[in-house]
Amino acid sequence: SVALAARVEVNWEVGHVIVNRDGHITRRAVGVNGHLPIPPVYATVGDTLLLKVCNKLDVPTTVHAHGIFQNGTNYLDGAGMVTQCGIPPGANFTYEYYLHQTGTFWLHGHYNHQNTDGLRTPLVILDRDKTQLPMQYDDEMLISMEDWYPTEFLERMKEVLNPNVPFPPPTTFPYGLINGIDGNITQTITFEPGKRYRIRLINIGSTEWYKFSIPGHKLNVIEADGIYSEPLEVDGLNLGPGQRYSVVVQALDTDEYNYIFNATLYANFVPHIPGLNPRYYTGLVQYKKGASIKSIERSSDEELVWLNDINLRSFEQYPAMPVSRTYNTAAGSKKYSDKLTRAILYKEPYLSPPIIPTLYTAISTGDLALNDTIYGPQTGALVIREGEVIEIEMQNPTEIDHAMHLHGHVFQVTEYGPAGNSSEVNAPPAKVMTYDGWPMRRDTFVVPAFHYIKVRFLADNPGVWMFHCHMDIHFALGLAVTFVEAPDVLQKTQTIPDAMKDMCLRQGLKVMGNGAGNNGFDLA
């Protein structure tokens, strides 16, 4: 009930810290209150979360609540220079989130890719009524996984954007962190015989994938990206950057043995080098202190059942929506006259940051806001109408997987199939796979190498919403577009708070006008 709702206050002083998180490299990072990792944030559905940010960096910062819809509060989405100007150095700002969703989410920096340097942590929104879940369980635990690079993101980007260095530059191999610490010293998880456990799994990394399993146990998937599914039993899961799952695990009936869990950090688009890619991490599943570890012969991946998200069925049995129109997109790249290679998703690369937050253009330009051109080519703006069902067909004819995230919505995942020429890497063509019954909904999907994917979402949340690759190098290279949703409705229903406008004005940034901060179609 509303009477049970709480105001949960979290104070973040965001600043630089010097850390050695992986047991190998000491480097500068972005932490909170002088520390890394940042503690997970817990709240309950119906609560109001007040995230009070004090920026002690020497550059602006923002925070995005990944997976939170922000219905009616698009200006709190946290996408830097898309829905707000950055919080200036030395300034304070409070994000006030009204938590109407339940599930597994995360908070992360969304300005200059500060999430890759440490500004990231899980956000768990608990259910009040646990009797209506897909499966009942006795207790729950959280396992967050991330990749950690030896150098700061902007240093890596300098190399990527150096026209005198061959593209792509030499591969840098990250280390793995589990629950914020070196994956080689992973904390024990404890099972009691006969009990059921919900394990929330999150990949809060910036580039690479994780593969998770508990040999000797089955995993029953009940959630993907904050949306419940009918239980589906698998042996293991792959998580791309930004993806989350909940699995329910039935503990065994005896405490005779302890077991291990596997969390393997890998990328199939960089060289396979033993000890570097993949990196194998394990942790103890303890039934009884001091018990021996059960020896289980390692199975090949081909012998195990791995989750494919199109096999999940929506627990709420929400039917497939009829499509209003389709955007045909493709993961690609192009070398420009400045000798730099940039990524393209639709027509042109997304160039960050825009001169004015795109949301402010949508609210301040009247009827012109319905025209894609008004936002400038650097934003990749696509104007859509309220109530439309938008289908995105994304072709990936490359040998690189892509993890794609849409702010403010969830997709229905409806189809996978072959794209490009997989024989280039001696792989068979992908099979066409379609949903069965009620398509699963989620906010971050993976389109594998040499595959296409079809997804749908309902335009029921007026605002400006990014659709981008969650592999931060690709995002920074331009693999993104901006959906400008129902700007005519937006202008009547939302107003930018004065405190947010003031943050722009303090930095000499405009709060009205087209994509260049000018009037009309003058984009000079």
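Pro37 sits in the loop that connects strand S2 (27-32) with strand S3 (41-44), where strands are DSSP runs of E of at least two residues and helices runs of H or I of at least four, numbered from the N terminus. The peptide bond that leads from Leu36 into Pro37 is cis, its omega being near 0°. A cis peptide bond also joins Asn277 to Pro278, with omega about 5°, and Pro278 belongs to the loop between S19 and strand S20 (279-286). The model described here is predicted, so that local features need pLDDT of at least 70 and side-chain atom pairs count only at pLDDT 80 or more, while totals for chains, interfaces and linings use all residues. Residues are numbered from 1 along each chain as its sequence is written, and side-chain values use heavy atoms, with hydrogens and water left out.

Gln70, in the loop between strand S5 (63-66) and strand S6 (92-98), has a positive phi of about 55° and is buried at a relative accessible area of 5%, where buried means under 20% relative accessible area, exposed over 50%, and partly exposed in between (1.4 Å probe, protein chains only). Lys339, in the loop between S22 and S23, has a positive phi of about 70°, but Lys339 is exposed, with a relative accessible area of 59%.

The strands can be followed next, with two strands taken as paired if DSSP finds at least two bridges between them. Strands of a sheet pair through backbone hydrogen bonds, either parallel or antiparallel. An open sheet of five strands runs in the order S12-S20-S19-S14-S17, and its pairing is mixed. Strand S12 (189-190) and strand S17 (236-239) are the edge strands, each having a single partner, so one side of each has no neighbour in the sheet. S12 and S20 run parallel and are joined by two bridges, with Thr190 standing opposite Gln286 of S20. Elsewhere, strand S9 (residues 139-148) is mostly covered, since eight of its ten residues are buried. S9 runs parallel to strand S13 (residues 196-203), to which seven bridges join it, and Met141 has Ile199 of S13 as its bridge partner. With strand S10 (residues 175-178), S9 pairs in the antiparallel sense over four bridges, and here Trp148 stands opposite Tyr175.

Which residues lie nearest the centre of the largest pocket? They are Lys211, Asn238, Tyr266, Asp301 and Trp306, within a lining of 48 residues. A pocket is found on a 1 Å grid over the protein atoms alone, as an open set of points where a 1.4 Å probe fits, with protein on both sides within 12 Å along at least five of seven lines, and lining residues have an atom within 4 Å of a point. The volume, which is the space filled by probe spheres set on the points, is about 1,500 Å³ for the largest pocket. Strand S14 (209-213) and strand S19 (259-266) each supply at least two lining residues, and S19 gives the most, with five. The second largest pocket holds about 880 Å³ of space and is lined by 32 residues, with Phe167, Pro168, Ile400, Ile473 and His474 nearest its centre. Among the elements that give two or more residues to this lining are helix H1 (153-160) and helix H3 (472-477).

The charged side chains form 25 salt bridges, each being a side-chain nitrogen of Lys or Arg within 4 Å of a carboxyl oxygen of Asp or Glu. One of them joins Asp117 and Arg27 at 2.7 Å, N to O; because Asp117 lies in the loop between strand S7 (103-109) and strand S8 (120-126) and Arg27 in strand S2, the pair ties together parts 90 residues apart in sequence. Both Asp117 and Arg27 are buried. Glu316 forms a salt bridge with Arg441, with the closest N and O atoms 2.5 Å apart, and since Glu316 lies in the loop between S20 and S21 and Arg441 in strand S29, this pair ties together parts 125 residues apart in sequence. Glu316 is partly exposed, at a relative accessible area of 46%, whereas Arg441 is buried, at 19%.
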